[in-house]
Amino acid sequence: MLPKERILEKTFTLFHTQGYNATGINQIIEEAKVAKASFYQHFKSKEDLCVAFLNQRHFFWFEELQKFTSKEEDRKLKILASFDFLMYMNKKENFRGCSFLNILSEIQSDNIKILDVIQNHKADLRVYFTEILDDTLLSDHVYLLFESCIIESQLFKSNQLIEQTKKIIKTLI
(Lines give C-alpha, C1' and ligand atoms only; values in the text may rest on other atoms or scores of the structure.)
Protein backbone atom coordinates (compact mmCIF):
# COMPACT_ATOMS: atom_id res chain seq x y z
CA MET A 1 0.00 0.00 0.00
CA LEU A 2 1.05 3.56 -0.61
CA PRO A 3 1.86 5.76 2.42
CA LYS A 4 -1.40 7.73 2.19
CA GLU A 5 -3.41 4.50 2.12
CA ARG A 6 -1.52 3.12 5.13
CA ILE A 7 -2.12 6.34 7.03
CA LEU A 8 -5.85 6.24 6.29
CA GLU A 9 -6.08 2.55 7.13
CA LYS A 10 -4.48 3.08 10.55
CA THR A 11 -6.52 6.22 11.15
CA PHE A 12 -9.71 4.33 10.29
CA THR A 13 -8.98 1.89 13.10
CA LEU A 14 -7.44 4.26 15.64
CA PHE A 15 -9.93 7.13 15.42
CA HIS A 16 -12.82 4.68 15.58
CA THR A 17 -11.49 2.63 18.50
CA GLN A 18 -9.53 5.21 20.54
CA GLY A 19 -11.19 8.44 19.52
CA TYR A 20 -9.90 11.59 17.89
CA ASN A 21 -8.25 13.28 20.87
CA ALA A 22 -6.65 10.10 22.25
CA THR A 23 -4.96 9.33 18.94
CA GLY A 24 -1.81 11.26 18.23
CA ILE A 25 -0.16 11.98 14.90
CA ASN A 26 3.03 10.24 16.07
CA GLN A 27 1.10 7.05 16.87
CA ILE A 28 -0.45 7.08 13.40
CA ILE A 29 2.93 7.71 11.75
CA GLU A 30 4.53 4.90 13.75
CA GLU A 31 1.77 2.34 13.20
CA ALA A 32 1.37 3.22 9.51
CA LYS A 33 5.16 2.92 9.11
CA VAL A 34 5.54 6.21 7.25
CA ALA A 35 7.94 9.08 7.63
CA LYS A 36 6.72 12.26 9.30
CA ALA A 37 7.44 14.17 6.09
CA SER A 38 5.34 11.68 4.15
CA PHE A 39 2.45 12.17 6.56
CA TYR A 40 2.55 15.94 6.17
CA GLN A 41 2.87 15.63 2.41
CA HIS A 42 -0.60 14.07 2.39
CA PHE A 43 -2.26 15.78 5.37
CA LYS A 44 -1.47 19.31 6.51
CA SER A 45 -2.95 18.74 9.96
CA LYS A 46 -4.73 16.27 12.21
CA GLU A 47 -7.92 18.13 11.33
CA ASP A 48 -7.39 17.41 7.60
CA LEU A 49 -6.73 13.77 8.45
CA CYS A 50 -9.96 13.68 10.46
CA VAL A 51 -11.92 15.06 7.50
CA ALA A 52 -10.40 12.36 5.26
CA PHE A 53 -11.21 9.71 7.87
CA LEU A 54 -14.82 10.87 8.21
CA ASN A 55 -15.28 10.94 4.44
CA GLN A 56 -13.88 7.42 4.23
CA ARG A 57 -16.06 6.28 7.13
CA HIS A 58 -19.12 7.87 5.49
CA PHE A 59 -18.52 5.96 2.26
CA PHE A 60 -17.83 2.70 4.12
CA TRP A 61 -20.85 3.02 6.41
CA PHE A 62 -23.38 3.83 3.67
CA GLU A 63 -21.98 1.13 1.41
CA GLU A 64 -22.42 -1.42 4.21
CA LEU A 65 -25.93 -0.13 5.00
CA GLN A 66 -26.97 -0.35 1.34
CA LYS A 67 -25.58 -3.89 1.02
CA PHE A 68 -27.30 -4.94 4.22
CA THR A 69 -30.72 -3.58 3.24
CA SER A 70 -30.64 -4.04 -0.54
CA LYS A 71 -32.59 -7.30 -0.61
CA GLU A 72 -35.63 -5.71 0.98
CA GLU A 73 -38.18 -4.18 -1.41
CA ASP A 74 -40.96 -3.38 1.05
CA ARG A 75 -40.40 -0.03 2.76
CA LYS A 76 -41.26 -1.30 6.25
CA LEU A 77 -38.91 -4.26 5.87
CA LYS A 78 -36.16 -1.99 4.53
CA ILE A 79 -36.49 0.30 7.56
CA LEU A 80 -36.46 -2.68 9.93
CA ALA A 81 -33.39 -4.02 8.13
CA SER A 82 -31.72 -0.66 8.75
CA PHE A 83 -32.17 -1.19 12.47
CA ASP A 84 -30.88 -4.74 12.07
CA PHE A 85 -27.84 -3.16 10.45
CA LEU A 86 -27.25 -1.17 13.64
CA MET A 87 -27.26 -4.38 15.64
CA TYR A 88 -24.89 -5.98 13.14
CA MET A 89 -22.49 -3.02 13.39
CA ASN A 90 -22.69 -3.03 17.19
CA LYS A 91 -21.58 -6.65 17.26
CA LYS A 92 -18.94 -6.13 14.59
CA GLU A 93 -17.50 -3.01 16.25
CA ASN A 94 -18.07 -3.89 19.90
CA PHE A 95 -20.69 -1.20 20.53
CA ARG A 96 -18.25 1.61 19.69
CA GLY A 97 -21.11 3.73 18.36
CA CYS A 98 -21.10 6.37 15.67
CA SER A 99 -17.67 7.71 14.71
CA PHE A 100 -19.29 10.97 13.66
CA LEU A 101 -21.03 11.54 16.99
CA ASN A 102 -17.97 10.39 18.91
CA ILE A 103 -15.77 12.92 17.12
CA LEU A 104 -18.45 15.60 17.45
CA SER A 105 -18.15 15.23 21.22
CA GLU A 106 -14.37 15.72 21.00
CA ILE A 107 -14.03 18.77 18.76
CA GLN A 108 -14.45 22.44 19.52
CA SER A 109 -17.86 23.77 18.55
CA ASP A 110 -16.27 26.23 16.10
CA ASN A 111 -14.42 23.54 14.11
CA ILE A 112 -16.46 24.11 10.96
CA LYS A 113 -14.29 21.91 8.73
CA ILE A 114 -15.03 18.74 10.71
CA LEU A 115 -18.53 19.81 11.74
CA ASP A 116 -19.55 20.20 8.08
CA VAL A 117 -18.56 16.60 7.32
CA ILE A 118 -20.50 15.33 10.35
CA GLN A 119 -23.58 17.36 9.43
CA ASN A 120 -23.43 16.13 5.83
CA HIS A 121 -23.28 12.51 7.01
CA LYS A 122 -26.35 12.98 9.20
CA ALA A 123 -28.17 14.88 6.44
CA ASP A 124 -27.50 11.97 4.08
CA LEU A 125 -28.94 9.59 6.65
CA ARG A 126 -32.10 11.71 6.84
CA VAL A 127 -32.31 11.61 3.03
CA TYR A 128 -31.89 7.82 3.13
CA PHE A 129 -34.98 7.46 5.32
CA THR A 130 -36.93 10.08 3.36
CA GLU A 131 -36.28 8.28 0.08
CA ILE A 132 -37.56 5.01 1.54
CA LEU A 133 -40.64 6.44 3.25
CA ASP A 134 -41.51 9.39 1.00
CA ASP A 135 -42.94 11.17 4.04
CA THR A 136 -40.78 13.83 5.70
CA LEU A 137 -42.46 13.79 9.10
CA LEU A 138 -42.44 10.00 9.36
CA SER A 139 -38.89 9.72 8.03
CA ASP A 140 -37.65 12.34 10.51
CA HIS A 141 -39.32 10.37 13.29
CA VAL A 142 -37.57 7.19 12.15
CA TYR A 143 -34.28 9.07 11.79
CA LEU A 144 -34.52 10.35 15.37
CA LEU A 145 -35.32 6.85 16.64
CA PHE A 146 -32.34 5.52 14.68
CA GLU A 147 -29.98 8.14 16.13
CA SER A 148 -31.20 7.52 19.68
CA CYS A 149 -30.65 3.79 19.19
CA ILE A 150 -27.05 4.43 18.18
CA ILE A 151 -26.37 6.40 21.35
CA GLU A 152 -28.31 4.19 23.76
CA SER A 153 -26.85 0.95 22.42
CA GLN A 154 -23.35 2.38 22.78
CA LEU A 155 -24.07 3.63 26.29
CA PHE A 156 -25.53 0.35 27.56
CA LYS A 157 -23.59 -2.00 25.25
CA SER A 158 -26.87 -3.64 24.34
CA ASN A 159 -29.17 -4.03 21.35
CA GLN A 160 -32.27 -4.28 23.54
CA LEU A 161 -33.50 -0.76 22.77
CA ILE A 162 -33.03 -1.38 19.06
CA GLU A 163 -35.30 -4.44 19.33
CA GLN A 164 -37.88 -2.32 21.17
CA THR A 165 -37.61 0.39 18.54
CA LYS A 166 -38.28 -2.14 15.79
CA LYS A 167 -41.59 -2.90 17.52
CA ILE A 168 -42.38 0.82 17.57
CA ILE A 169 -41.48 1.10 13.86
CA LYS A 170 -43.97 -1.65 13.05
CA THR A 171 -46.74 0.47 14.57
CA LEU A 172 -45.61 3.65 12.78
CA ILE A 173 -45.32 2.37 9.23
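Colleague: By class, how many nonpolar, polar and charged residues does the lining of the largest cavity have?

Modeller: The model is a predicted one, and its totals for linings use all residues. A search of the whole structure finds 1 cavity of 30 Å³ or more, and the lining of the largest cavity comprises 18 residues. Sorted by class, these are 8 nonpolar, 5 polar and 5 charged residues.

Colleague: Which element gives the most to the largest nonpolar core?

Modeller: The largest nonpolar core has 50 residues, and those with the most contacts inside it are Leu54, Ile79, Phe83, Ile103 and Ile114. At least two residues of this core come from each of α1 (3-18), α2 (25-32), α4, α5, α6, α7, α8 and α9 (160-172). The element that gives the most, with 9 residues, is α4.

Colleague: Which residues does Phe83 touch, not counting residues up to four places away in sequence?

Modeller: Phe83 is one of the residues with the most contacts inside the largest nonpolar core. If residues up to four places away in sequence are not counted, Phe83 touches Val142, Leu145, Phe146, Cys149, Ile162, Thr165, Lys166 and Ile169.

Colleague: Of the contacts in the chain with a separation of 6 or more, what share is accounted for by residues 24 or more positions apart?

Modeller: The chain has 9 helices and 0 strands, and its C-alpha atoms fill a box of roughly 55 × 30 × 25 Å along the principal axes. Among its 173 residues, 47% count as buried. For contacts with a separation of 6 or more, the share that falls to residues 24 or more positions apart is 68%.

Colleague: Why does Lys4 count as partly exposed rather than buried or exposed?

Modeller: Lys4 lies in helix α1, and, with residues up to four places away in sequence not counted, Lys4 touches His42 and Phe43. Buried means under 20% relative accessible area and exposed means over 50%, with partly exposed in between. Lys4 therefore counts as partly exposed, because its relative accessibility is 38%.

Colleague: How far apart in space are Lys4 and Ala81, C-alpha to C-alpha?

Modeller: In sequence, Lys4 and Ala81 are 77 residues apart. In space, taken C-alpha to C-alpha, the distance between Lys4 and Ala81 is 35 Å.

Colleague: Where does Lys157 lie, and what is the phi of Asn94, which is not a glycine?

Modeller: Lys157 lies in the loop between α8 and α9, and its phi is near 50°, a positive value in a residue other than glycine. Asn94 lies in the loop between α5 and α6, and Asn94 counts as exposed because its relative accessibility is 58%. The phi of Asn94 is positive as well, at about 55°.

Key. Residues numbered from 1 in each chain as written. Predicted model: local features only at pLDDT ≥ 70, side-chain atom pairs only at ≥ 80, totals over all residues. Heavy atoms only, no water. 1 Å grid on protein atoms, 1.4 Å probe; cavity = no way out; pocket = protein on both sides within 12 Å on 5 of 7 lines; lining within 4 Å. Points joined across faces, edges and corners; volume = space filled by probe spheres on them. Nonpolar A, V, L, I, M, F, W, Y, C, P; charged D, E, K, R; others polar. Core = buried A, V, L, I, M, F, W, Y, C linked by side-chain atoms within 4.5 Å. Buried < 20%, exposed > 50% of the residue type's maximum accessible area, 1.4 Å probe, protein only. Helix = DSSP H or I, 4+ residues; strand = E, 2+ residues; numbered from the N terminus. Contact = heavy atoms within 4.5 Å.
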